[in-house]
Amino acid sequence: MSEPEIPLRAPGVVFPAAVARPESAYRTAHDLLERRAPSEALKVLEPALEQEPANRGLRLLRAWAYLMRAQLVKASDELAELVEDDPSDVWAQHALGRALERQSRHREALPHLRLAAAMSGDVEHELAVLRVERLAGDL
């Protein structure tokens, strides 16, 4: 019995006029990230962030793209600023913890992972805490 073929999906074509405004850039970049095309998403995000450097939504997408590209220092720097601005952002807390974990900075990752798990009650977040506690030698 042969495996069913899974069709490959290429990232959508991005036309310059489609990303002229930050809200259009957000939608386009989000779609590209969902399609696992972080390089293309960054090409859309950077001009939009030049127009609106404080746009939190665009900055979160940029951090997501950095994580997908394994640009972990850039991701953790961006996420640290976002968490400082809004400590109640569960996604940013968890993503910062994961970025730090992936850099083997386990003790620095734990507070962010624990806070995200406490705020969300998400089992995946709780498992991340247990994993990093073991890696940090806290169990």
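The model is predicted, so local features need pLDDT of at least 70 and side-chain atom pairs count only at pLDDT 80 or more, while totals for chains, interfaces and linings use all residues. Residues are numbered from 1 along each chain as its sequence is written, and side-chain values use heavy atoms, with hydrogens and water left out.

Reader: What does the secondary structure of the protein come to?

Author: Helices here (H or I, at least four residues) and strands (E, at least two) are DSSP runs, numbered from the N terminus. From the N terminus on, the elements run α-α-α-α-α-α-α. The count comes to 7 helices and 0 strands.

Reader: What percentage of the residues in the protein is buried?

Author: Let's settle the word first: buried means under 20% relative accessible area, exposed means over 50%, and partly exposed lies in between (1.4 Å probe, protein chains only). Of the 139 residues in the protein, the buried ones make up 40%.

Reader: How are helix 2 and helix 3 oriented to each other?

Author: Two packed helices are described by the angle between their axes and the distance between the axes. Axes are lines fitted to C-alpha atoms, for helices over the stretch in contact, and angles run from 0 to 180 degrees between N-to-C directions. The axes of helix 2 (residues 38-51) and helix 3 (residues 56-68) come within 9 Å and cross at roughly 150 degrees. Angles under 35 degrees count as roughly parallel, 65 to 115 as roughly perpendicular, over 145 as roughly antiparallel and the rest as oblique, so helix 2 and helix 3 are roughly antiparallel.

Reader: Which handedness does the crossing of helix 4 and helix 5 have?

Author: Helix 4 and helix 5 pack with their axes 9 Å apart, at an angle of about 150 degrees, and are therefore roughly antiparallel. A crossing is left-handed if the near helix is turned anticlockwise from the far one by less than a right angle, and right-handed if clockwise. Helix 4 passes helix 5 in a crossing that is left-handed.

Reader: How many salt bridges does the structure hold?

Author: A salt bridge is a side-chain nitrogen of Lys or Arg within 4 Å of a carboxyl oxygen of Asp or Glu. One of them joins the side chains of Arg56 and Asp89, at 3.0 Å from N to O. In total, the structure holds 11.

Reader: How far apart in sequence are the parts that Arg56 and Asp89 tie together?

Author: Arg56 is partly exposed because its relative accessibility is 23%, whereas Asp89 counts as buried at 14%. Their side chains meet in a salt bridge. Arg56 lies in helix 3 and Asp89 in the loop between helix 4 (72-85) and helix 5 (90-102), so the parts tied together are apart in sequence by 33 residues.

Reader: Are Arg59 and Glu78 buried or exposed?

Author: Arg59 forms a salt bridge with Glu78, with the closest N and O atoms 2.6 Å apart. Arg59 lies in helix 3 and Glu78 in helix 4, so this pair ties together parts that are 19 residues apart in sequence. Relative accessibility is 8% for Arg59 and 7% for Glu78, so each residue counts as buried.

Reader: Which residue meets Glu133 in a salt bridge?

Author: Glu133 lies in helix 7 and counts as buried, at 13% relative accessibility. Its partner sits in helix 6 (residues 106-120), 19 residues apart, and counts as partly exposed at 37%. The side chains meet at 3.0 Å, N to O, and the partner is Arg114.

Reader: Which residues form a nonpolar patch on the surface?

Author: Patches are made of residues with over 30% relative accessible area and no salt bridge, where like charges are joined within 9 Å and nonpolar side chains (Val, Leu, Ile, Met, Phe, Trp, Tyr) within 5 Å. Accessible areas come from the Shrake-Rupley method with a 1.4 Å probe, and for residues only the protein chains shown count as cover. One member lies in helix 7 (residues 123-136) and is partly exposed at 38%. With about 250 Å² of accessible area together, the patch is formed by Val123, Leu127 and Leu130.

Reader: Where does Ser104 lie?

Author: Ser104 has a positive phi of about 65 degrees although it is not a glycine. Ser104 is exposed, with a relative accessible area of 55%. Its place is the loop between helix 5 and helix 6.
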